[in-house]
Amino acid sequence: MAFNDALTDVHGLRVGHARHPGPGALSGTTVVLAPEGGAVAAVDVRGGGPGTRETDALDPRNLVQRVDAVVLTGGSAYGLDSASGVMAWLEEQGRGVQAGREPGQVVPVVPAACVYDLGRGGDWRARPGAETGRAAVEAAADTEAGAPVEEGCVGAGTGAVVGRVKGGVGTASTRLPDGTVVAALVVANAAGSAIDPDTGVLYGGYFTGQRPDYPTAETHAAALHRLAGAADAMGAPPLNTTLAVVATDAGLTRAQAHKLAGTAHDGIARAVRPVHLLNDGDTVFALATGERPLGDAPLALNPVLAAGADVVTRAIVRAMLAARTATGPGGDFPSYRELYAC
């Protein structure tokens, strides 16, 4: 199977995007669909203003062992309704926690988290709902195993903004020396900035293993001038929240998955500054499909933890590079590529 540097390199995971339709809309939903039987799941919330659903179910002390899907969505708290469309689809497939005596009497557990993008397309009420969630999970189910993942202004990243620069969806993966795959999918939509104000380099570019391309002083000055003009026109800075799903094919306990979700936040902190503010809702989900044994050594989890943070950083860089400028009644959000002619 091809290695696509994407979340779907973790065998069995599928990703689908759907955009809220209509004029004035700049929002959507992304669904990560687990393989049949689900995946061990955990979550770590660091932002001070999260919008989430069913995250308490992922506490290692609680009943739920596995989940069948994770929903990342625009629309702020309103957009969490998109998870109900995913639940309905899963119920039709007979997937979920067996709650009744008869086959198909299940309750799907669908954790979800949202980003703030209200009004960025011009219409405050143009936000994802159950129909958008259903479209996204159907899109995921229709993909082939290991399919590439579309990046940029798609799904939950349709209206994403990082600081004053257009954000979006990004993904990345790596294979460890023992063959274990670790991957991430990120929705970059932060109150902080992804750009070093002194150099114009993406912060995450310092950590990707390659020397970043430094813009000329003239290019950087022109970019800062453009962003200042956009800020004057908009007034209050855009809000908030970076979301991520970090996944592995290693066999993790729920406690180990929770540790992976926590250390993956380091990947956000390398790529966005400041991070985890009161007006951010930064949330990381971890999924483990369990196809490969982790091993019994006391520190066997360490390479997975380190790789999780690394792929989150790279996914944010890729999101910023894949995004395209969005200009309309909701605001002027230039892309990094336009600002720096790269």
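Biologist: Which strands form the open sheet, and in what order?
Modeller: This is a predicted model. In it, six strands make up an open sheet, ordered E5-E3-E15-E14-E13-E12, with mixed pairing.

Biologist: And which are the edge strands?
Modeller: Strand E5 (66-67) and strand E12 (168-175), each of which pairs on one side only.

Biologist: What packs on the sheet?
Modeller: Helix H5 (residues 254-271) does, touching strand E3 (39-45), E14 and E15. The direction of H5 makes about 45 degrees with that of E3. Helix H6 (residues 302-322) also packs on the sheet, and touches E12, E13 and E14. For H6, the direction makes about 145 degrees with that of E12.

Biologist: E14 keeps coming up. In what sense does E14 pair with E13, and over how many bridges?
Modeller: E13 (residues 181-188) pairs with E14 in the antiparallel sense, over six bridges. Leu 185 stands opposite Val 245 in E14, and Val 186 stands opposite Ala 244.

Biologist: What about E14 and E15, parallel or antiparallel?
Modeller: Parallel, over seven bridges, where E15 covers residues 283-292. Val 246 has Ala 286 of E15 as its bridge partner.

Biologist: How many residues of E14 are buried?
Modeller: Eight of the eight residues in E14 (residues 243-250) are buried, so the strand is largely enclosed by the rest of the structure.

Biologist: Which residues are on each side of E14?
Modeller: Leu 243, Val 245, Ala 247 and Asp 249 are on one side, and Ala 244, Val 246, Thr 248 and Ala 250 are on the other. Both faces are covered. In a regular strand, side chains alternate between the two faces of the sheet.

Biologist: Changing topic to the helices. Which residues of H2 are buried?
Modeller: In H2 (residues 82-92), the buried ones are Ser 82, Ala 83, Gly 85, Val 86, Met 87, Trp 89 and Leu 90.

Biologist: What do those buried residues pack against?
Modeller: Several elements, among them strand E2 (28-33), strand E6 (69-73), helix H1 (76-79) and helix H3 (130-141).

Biologist: Take Ser 82. Buried or exposed?
Modeller: Ser 82 is buried, because its relative accessible area is 0%, and the cut-off for buried is under 20%. Beyond its neighbours within four places in sequence, Ser 82 is in contact with Thr 29, Val 71, Thr 73, Pro 128, Gly 129, Ala 130 and Gly 133.

Biologist: At what angle do the axes of H2 and H3 cross?
Modeller: At roughly 50 degrees, and the axes come within 6 Å. H2 and H3 are therefore oblique to each other. The crossing of H2 past H3 is right-handed.

Biologist: Which residues make that contact?
Modeller: From H2, Ser 82, Ser 84, Gly 85, Val 86, Ala 88, Trp 89 and Glu 92; from H3, Ala 130, Gly 133, Arg 134, Val 137, Glu 138 and Ala 141. By class, the contact has six nonpolar, four polar and three charged residues.

Biologist: What comes just after H2?
Modeller: Gly 94, with a positive phi of about 75 degrees.

Biologist: Last one, where is Pro 148?
Modeller: Pro 148 sits in the loop between H3 and strand E10 (161-162). Pro 148 is exposed, with a relative accessible area of 63%.

Notes
Residues are numbered from 1 along each chain as its sequence is written. This is a predicted model: local features need pLDDT of at least 70, side-chain atom pairs count only at pLDDT 80 or more; totals for chains, interfaces and linings use all residues. Side-chain values use heavy atoms; hydrogens and water are left out. Buried means under 20% relative accessible area, exposed over 50%, partly exposed in between (1.4 Å probe, protein chains only). Helices (H or I, at least four residues) and strands (E, at least two) are DSSP runs, numbered from the N terminus. Contact means heavy atoms within 4.5 Å. Axes are lines fitted to C-alpha atoms, for helices over the stretch in contact, and angles run from 0 to 180 degrees between N-to-C directions. Angles under 35 degrees count as roughly parallel, over 145 as roughly antiparallel, 65 to 115 as roughly perpendicular and the rest as oblique. A crossing is left-handed if the near helix is turned anticlockwise from the far one by less than a right angle, and right-handed if clockwise. Ala, Val, Leu, Ile, Met, Phe, Trp, Tyr, Cys and Pro count as nonpolar, Asp, Glu, Lys and Arg as charged, and the others, Gly among them, as polar. Two strands pair if DSSP finds at least two bridges between them.
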